[in-house]
Structures are given as C-alpha cells and as structure tokens.
Amino acid sequence: GPGVRHASEVDMASMARIYNHYILNTTATFEVDKVTPKQMTIRVQDVRDAGLPWLVVGSVAGYAYATRWRPRQAYRYAVEVSAYIDPALTGKGLGSILYTELFRLLRERGVHAAMGGITLPNDASVAFHEKFGMKKVAHFSEVGYKFDRWIDVGYWQRIIIPGRSVAMR
C-alpha cells in the first residue's frame with residue numbers, strides 16, 4: 001500500500017487543498033476561512049515542537065496528526081487526533097493506514113490518552129474511530145454554528161498505554 005511519512009515542506013500546498021475542501025464544504029471542521037500553505041507550515045511546526053507526529057500518506061492522499069489535548073502541564077500525556085483524506089480518495093483505507101502509524105508513534109512517545117472530536121452526525125467518522133478502539137465519552141449539543149445551523153460534537157477516547165506510563169516530558 002501507499003507509504004506513510006512525516007509531513008515535509010513539499011506537502012503543505014496539498015494538505016491545504018485537502019483541508020480547504022472540508023472547511024468550505026463540510027462541518028468536519030469548525031474553521032470557516034481557507035488556510036494557506038504557509039499557515040499549514042506553522043501548524044505542522046507547532047505539532048512538531050510539542051514532540052508529536054504529523055503524517056501524510058501517499059503523494060498526500062491524506063494526513064493525520066496529534067495535538068496537545070490542553071495546554072496545562074497535567075494534561076501532557078493526552079492528545080487529540082485528527083485525520084483528513086482527499087475527498088476523491090475516501091473509503092480506500094487511507095485513514096486506517098494513517099491512524100495505525102499515528103497510534104504506534106503515540107504509544108512509542110509515551111502518550112497515555114487520545115481523544116478524537118467528531119461533528120455529529122457522522123457515521124463514517126464514528127465507525128472509523130471506533131475501529132481504533134475509541135469509545136464515545138462526551139456529547140456536546142449545539143456547540144458549533146456553521147452553514148446556518150447548530151452542530152453537535154462528540155468526543156471519542158482511547159487509553160493507549162494503560163496504567164502508569166510516564167515517558168514524555
């Protein structure tokens with residue numbers, strides 16, 4: 001299958017194009033303004049600076065990454081995971097390839113808990129996250145407003161390393 005690698009400068013325009021589709025046409029993200037390749041570069045660097053991975057699959061058929069769940073120090077073993085696939089290439093298992101490697105790297109880095117936020121309803125995203133052992137832990141009603149309507153958000157969580165894992169800084 002297509003290889004997974006860490007995102008590099010040459011990927012920024014493709015990632016911005018993919019993400020802008022979701023910004024402009026879906027409620028999968030609550031952003032409303034298009035992003036530039038330069039903005040993507042800054043976001044990727046912020047993730048890297050936190051010691052976390054930002055991955056791409058194929059010739060940027062999609063990407064996945066983890067961010068710090070919250071800034072305060074006691075949250076340092078928790079992350080939020082996200083994935084976006086080129087809309088022309090969804091349903092081909094690319095998200096699974098990305099999340100398999102993402103979770104492997106998170107475990108390697110000593111991350112304890114991973115959360116994924118999903119705008120609801122979104123059966124495909126729910127099934128995808130549950131395939132990776134994530135369970136629904138929260139449901140927020142009408143917390144987003146986009147395309148002239150209120151949108152719910154659910155959170156799914158997985159404990160990556162049970163018990164006492166303290167490897168990260």
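Trainee: Is Phe 147 buried, partly exposed or exposed, and why?

Mentor: The idea is relative accessible area: buried is under 20%, exposed is over 50%, and partly exposed is in between (1.4 Å probe, protein chains only). Phe 147 has 42% relative accessibility, so Phe 147 counts as partly exposed. Keep in mind that this is a predicted model, where local features need pLDDT of at least 70, side-chain atom pairs count only at pLDDT 80 or more, and totals for chains, interfaces and linings use all residues. Residues are numbered from 1 along each chain as its sequence is written, and side-chain values use heavy atoms, leaving out hydrogens and water.

Trainee: Where does Phe 147 lie?

Mentor: Helices (H or I, at least four residues) and strands (E, at least two) are DSSP runs, numbered from the N terminus. Phe 147 is in the loop between E6 and strand E7 (149-159), and Asp 148 lies in that loop between E6 and E7 too. Asp 148 counts as exposed because its relative accessibility is 69%.

Trainee: What should I look for in the backbone there?

Mentor: Most residues other than glycine have a negative phi, and most peptide bonds are trans. Here phi of Phe 147 is positive, near 55 degrees, and Asp 148, also not a glycine, has a positive phi of about 60 degrees.

Trainee: Which residues does a cis peptide bond join?

Mentor: Leu 120 and Pro 121, with omega about 0 degrees. You'll find Pro 121 in the loop between strand E5 (113-120) and helix H4 (123-131).

Trainee: How do I read a helix such as H1?

Mentor: An α-helix has 3.6 residues a turn, so residues three or four places apart point the same way. In H1, the buried residues include Met 12, Met 15, Ala 16, Tyr 19 and Ile 23. The buried residues of H1 pack against helix H2 (37-49) and strands E2 (54-57), E3 (62-68), E4 (78-85) and E6 (135-146); contact means heavy atoms within 4.5 Å.

Trainee: Which residues does Ser 96 touch?

Mentor: Leaving aside residues up to four places away in sequence, Ser 96 touches Phe 128, Lys 131 and Phe 132. Ser 96 sits in helix H3 (residues 94-108) and counts as buried because its relative accessibility is 14%.

Trainee: How many helices and strands are in the chain?

Mentor: Four helices and seven strands. Buried residues make up 46% of the 169 residues. Among contacts between residues at least 6 apart in sequence, 64% join residues at least 24 apart.
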